[in-house]
Amino acid sequence: MKPNFEIELLAEAIDFLENLDSKSREKIYYNLKKSQFVNDNELLKKVNEIIWEFRTLYNNKAYRLFAFWDKKDNKDTFVIATHGILKKTQKTPQKEIKKAEEIRKQYLEHKKK
């Protein structure tokens with residue numbers, strides 16, 4: 001079965017994942033993989049017009065990896081994970097969404113060069 005999209009993790013997302021305990025990290029990777037094959041708002045949810053979040057709930061902790069769509073090698077459905085957080089409140093912090101938007105902007109500017 002072919003995945004619906006590819007996922008690329010930027011350095012900050014990789015750092016976030018590497019600093020988690022192995023079980024949490026494995027669960028997040030499992031959910032990332034699963035989201036490539038199933039359309040599920042519990043795994044991948046739109047935050048605003050340009051930012052999405054990969055969602056993982058594990059051991060009563062809510063993990064979020066922020067992402068955006070891009071084209072690469074003529075693939076429309078390419079997702080870049082910008083950075084991650086351990087969510088402490090019901091609502092996703094606005095500063096984290098802004099950070100993801102800024103990372104997206106820098107990524108797209110760098111890509112043009």
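**View 1. N59 sits in the loop between strand 3 (52-58) and strand 4 (61-72).** Strands here are DSSP runs of E with at least two residues, and helices are runs of H or I with at least four, both numbered from the N terminus. The model is predicted, so local features need pLDDT of at least 70 and side-chain atom pairs count only at pLDDT 80 or more, while totals for chains, interfaces and linings use all residues. Residues are numbered from 1 along each chain as its sequence is written, and side-chain values use heavy atoms, with hydrogens and water left out. Phi of N59 is near 55°, a positive value in a residue other than glycine. Most residues other than glycine have a negative phi. N59 has a relative accessible area of 59% and is exposed (exposed is over 50%, buried under 20%, partly exposed in between, with a 1.4 Å probe and protein chains only).

**View 2. N60 lies in the loop between strand 3 and strand 4.** Its phi is near 60°, a positive value in a residue other than glycine. The relative accessibility of N60 is 80%, so N60 counts as exposed.

**View 3. Helix 3 covers residues 94-112.** At 1.5 Å a residue, its 19 residues should span 27 Å; the expected span is 1.5 Å times one less than the number of residues. The end C-alpha atoms are 27 Å apart, which agrees.

**View 4. Helix 3 has buried residues E96, I97, A100, I103 and Y107.** They cover an arc of only 120° around the axis, so they lie on the same side of helix 3. The arc is that of the directions from the helix axis to the C-beta atoms. An α-helix has 3.6 residues a turn, so residues three or four places apart point the same way. On the other side of helix 3, K95 and K112 are exposed.
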